[in-house]
Amino acid sequence: VQLQASGGGLVQAGGSLRLSCAASGGTFSMGWFRQAPGKEREFVAAIRRNGGNTYYADSAKGRFTISRDNAKNTVYLQMSSLKPEDTAVYYCAARLSGLSPTRANAYDYWGQGTEVTVSS
């Protein structure tokens, strides 16, 4: 299984970015996490394999949308109304188990991360 995250960059506060995560080796329940400098990795959003259920951190609700295109084996994170505190490296991850989708230790495979910087 390989996960390739992309779409990060530099954006002004209030702007938008769309992150993509292309998966190879199967179709999985997926999640996005982020890690800011000096902080622990934190959950952002998750989506089940069939796309029927989505989950969001409180910080992401109303601003971020997770979606997927199983024909392309790609998961997206549309981020809007970005804030400087959203600055972090964003990681996508694939989950095989039925453990909580909000927990990092529930995920079996991780992408390399894509950096998002939001300027004020």
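Reader: Which residues does methionine 30 touch, not counting residues up to four places away in sequence?
Author: This is a predicted model, in which local features need pLDDT of at least 70 and side-chain atom pairs count only at pLDDT 80 or more, while totals for chains, interfaces and linings use all residues. Residues are numbered from 1 along each chain as its sequence is written, and side-chain values use heavy atoms, with hydrogens and water left out. With contact taken as heavy atoms within 4.5 Å, and leaving aside residues up to four places away in sequence, methionine 30 touches Leu3, Cys21, Ala45, Ala46, Ile47, Ile66, Arg68, Val75, Ala93, Ala94 and Tyr107.

Reader: Which members of the largest nonpolar core touch the most other members?
Author: A nonpolar core is a set of buried Ala, Val, Leu, Ile, Met, Phe, Trp, Tyr and Cys residues joined through side-chain atoms within 4.5 Å, where buried means under 20% relative accessible area, exposed over 50% and partly exposed in between, with a 1.4 Å probe and protein chains only. The largest such core has 27 residues, and those touching the most other members are Met30, Trp32, Val44, Phe64, Leu77, Met79 and Tyr90.

Reader: Is serine 20 buried or exposed?
Author: Serine 20 lies in strand β3, strands being DSSP runs (E, at least two residues) numbered from the N terminus. Among the residues that serine 20 touches beyond four places in sequence are Gln4, Trp32 and Tyr76. Its relative accessible area is 16%, so serine 20 is buried.

Reader: What is the bridge partner of arginine 18 in β8?
Author: β3 and β8 pair in the antiparallel sense over six bridges. In β8, the partner of arginine 18 is glutamine 78.

Reader: What is the handedness of the disulfide of cysteine 21 and cysteine 92?
Author: A disulfide is counted as a pair of cysteine sulfur atoms within 2.5 Å, and cysteine 21 and cysteine 92 are joined with an S to S distance of 2.1 Å. Cysteine 21 in strand β3 and cysteine 92 in strand β9 are 71 residues apart, and both are buried. The torsion about their S-S bond is about 65 degrees, so the disulfide is right-handed.

Definitions and conventions:
Helix = DSSP H or I, 4+ residues; strand = E, 2+ residues; numbered from the N terminus. Pairing = 2+ DSSP bridges.
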